[in-house]
Amino acid sequence: MTKSDLVEKLSESLNNLTKKECEVIVDTVFLNMKDALHRGEKIEIRGFGSFTVRTGGRRRPQPEDGEKVAIPEKRIPFFKVGKELREMVNG
């Protein structure tokens with residue numbers, strides 16, 4: 001499913017809104033989710049899952065000599081599936 005599919009489904013569900021208005025709604029939701037993750041906030045959608053930002057810095061061996069080298073820390077978005085969605089997908 002793509003963003004345009006989401007807009008299409010939303011406009012079908014809400015007959016009094018145009019596709020353009022539905023696109024603004026979908027864009028606003030995604031923009032606010034991205035902004036929240038950028039600020040380090042957790043997003044929890046009950047029955048669906050949660051989005052968090054994890055920091056990942058670690059040490060890896062170099063291929064040439066096996067010496068451990070530090071990999072710089074970076075922030076990584078992470079999604080954890082909610083119980084209801086997991087059960088629905090698994091049947």
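Which residues make the nonpolar surface patch of about 460 Å²? The patch is made by Met1, Leu6, Ile25, Val29 and Phe30. Patch residues have over 30% relative accessible area and no salt bridge; like charges are joined within 9 Å, and nonpolar side chains (Val, Leu, Ile, Met, Phe, Trp, Tyr) within 5 Å. A salt bridge is a side-chain nitrogen of Lys or Arg within 4 Å of a carboxyl oxygen of Asp or Glu. Areas come from the Shrake-Rupley method with a 1.4 Å probe, and for residues only the protein chains shown count as cover.

This is a predicted model, in which local features need pLDDT of at least 70, side-chain atom pairs count only at pLDDT 80 or more, and totals for chains, interfaces and linings use all residues. Residues are numbered from 1 along each chain as its sequence is written, and side-chain values use heavy atoms, with hydrogens and water left out.

Start at Met1. Met1 sits in the segment before helix H1 (3–13). Helices (H or I, at least four residues) and strands (E, at least two) are DSSP runs, numbered from the N terminus. Met1 counts as exposed because its relative accessibility is 73%. Exposed means over 50% relative accessible area, buried under 20%, and partly exposed in between (1.4 Å probe, protein chains only).

Now turn to helix H2. Residues 19–38 form H2, which gives the most to the nonpolar patch, with three residues. The 20 residues of H2 should span 28 Å at 1.5 Å a residue, and its end C-alpha atoms are 28 Å apart, so the two agree. The expected span is 1.5 Å times one less than the number of residues.

Just after H2, Gly40 takes a positive phi of about 85 degrees.

Ala36 is buried because its relative accessible area is 8%. Leaving aside neighbours within four places in sequence, Ala36 is in contact (heavy atoms within 4.5 Å) with Glu41 and Ile43.

Finally, strand E2 holds Ser50. At 12% relative accessibility, Ser50 counts as buried. Beyond neighbours within four places in sequence, its contacts include Ile43, Phe78 and Phe79.
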